[in-house]
Structures are given as structure tokens and as C-alpha cells.
Amino acid sequence: MRARPKPVSWADLGLTKIEAVEKARALVQAKLEYWNQFYKFKYNRVAIKSHKGRWGSCSRLKNLNFNYKIIFLPEALADYLVVHELCHLRELNHGARFWDLVARAIPDCNRRRGELRKMPI
């Protein structure tokens, strides 16, 4: 079995934590604007956090949360993550309707999901 890669941190990029969070905020905002042209969902607050165990979340209040480490992900996985959380605005579960919604924009979402699960947080 291959070992998981070591988690990357803001310091590895020569950034302060504040700079990494702002870089992540800009990336997430741009991706939300792009992908939400497709879905046209309404959301409230977008927060960038430093979770130890999750890449993102969506609350019942339609608040989107993303891990600042999204800046370390390959583009395809960052896109998948944003679309995944956007789709939770419509379906707050991981049922068939949720995955159908994700697959409309990311047809290879199952492959990307598997790749994201292998990435260290």
C-alpha cells in the first residue's frame, strides 16, 4: 500500500496564513462564479476555514465553507470540490439526486471524488 502524501501547509508556499486564506478566498470566489452560472443556486456566506478533516461543507442556512488548502489541489479537484458543495445547496445529502446534480457539471465526479479522498488535508 502506498503511503498518503504529506499534508502541505501555507508555510510550504512561503505565505503567511492570512495570505493563504485570501488566496483561497479568491480562488473559491472565482470558481463559485464560474460553476454557479450553470446551476444558478442562491447561497449566503462563503467562509474559508482551516479544518483538520474536511475539504468543505454546506449548511442548512446555505453557507458554504471551504478549507484554505483548496489552493494546493489540482485544478480538476478544486472544481469538483466547489461543484460538490454547490450541489448541497439543492440536496443536503449524498443520495442519487445529489450525485446526478454533480455529474451534470462534472461527469467524472466519481473518479475525482476518489482522487480527492486520497489527498491529505
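**Figure 1. Pairing of Lys 49 within the sheet of the predicted model.** Lys 49 has Asn 67 of strand S3 as its bridge partner. Helix H1 (residues 17-39) packs on the sheet and touches S1 and S3, with a direction at about 140 degrees to that of S1. Helix H2 also packs on the sheet, where its contacts are with S2 and S3, and its direction makes about 155 degrees with that of S3. Contact here means heavy atoms within 4.5 Å. Axes are lines fitted to C-alpha atoms, for helices over the stretch in contact, and angles run from 0 to 180 degrees between N-to-C directions. This is a predicted model, in which local features need pLDDT of at least 70 and side-chain atom pairs count only at pLDDT 80 or more, whereas totals for chains, interfaces and linings use all residues. Residues are numbered from 1 along each chain as its sequence is written, and side-chain values use heavy atoms, with hydrogens and water left out.

**Figure 2. Strand order and pairing in the open sheet.** The sheet is open, has 3 strands in the order S1-S3-S2, and shows mixed pairing. Its edge strands are S1 (46-49) and S2 (56-58), each of which pairs on one side only. From one strand to the next, the twist averages 15 degrees. S1 and S3 (residues 64-67) are paired in the parallel sense over 4 bridges. Two strands are taken to pair if DSSP finds at least two bridges between them. Strands of a sheet pair through backbone hydrogen bonds, either parallel or antiparallel.

Figure 3. A salt bridge joins Lys 31 and Glu 75, with the closest N and O atoms 2.6 Å apart. Lys 31 lies in H1 and Glu 75 in H2, so this pair ties together parts that are 44 residues apart in sequence. Lys 31 is buried at 7% relative accessibility, whereas Glu 75 is exposed at 53% relative accessible area. Lys 31 also forms a salt bridge with Asp 79, for which the closest N and O atoms are 2.6 Å apart. Because Lys 31 belongs to H1 and Asp 79 to H2, this pair ties together parts that are 48 residues apart in sequence. Asp 79 is buried, with a relative accessible area of 13%. A salt bridge requires a side-chain nitrogen of Lys or Arg within 4 Å of a carboxyl oxygen of Asp or Glu. Buried denotes under 20% relative accessible area, exposed over 50%, and partly exposed the range in between (1.4 Å probe, protein chains only).

**Figure 4. Salt-bridge network around Arg 112.** Asp 108, Arg 111, Arg 112 and Glu 115 are linked in a network of salt bridges. Arg 112 counts as buried at 14% relative accessibility, and Asp 108 counts as partly exposed at 24%. The structure holds 7 salt bridges.

Figure 5. His 84 is found in H2 (residues 75-87) and is buried, with a relative accessible area of 10%. The side chains of His 84 and His 88 are joined by a polar contact of 3.1 Å. A polar contact is a pair of N or O atoms within 3.5 Å; within protein, one must be able to donate a hydrogen and the other to accept it, and residues adjacent in sequence count only if both atoms are side-chain atoms. Not counting residues up to four places away in sequence, His 84 touches His 94, Phe 98, Trp 99 and Val 102.

Figure 6. Ile 121 is found in the segment after helix H4 (109-118) and counts as partly exposed at 21% relative accessibility. The protein chain has 4 helices and 3 strands, and its pattern along the sequence is α-β-β-β-α-α-α. Helices (H or I, at least four residues) and strands (E, at least two) are DSSP runs, numbered from the N terminus. Buried residues make up 42% of the 121 residues in the protein chain.
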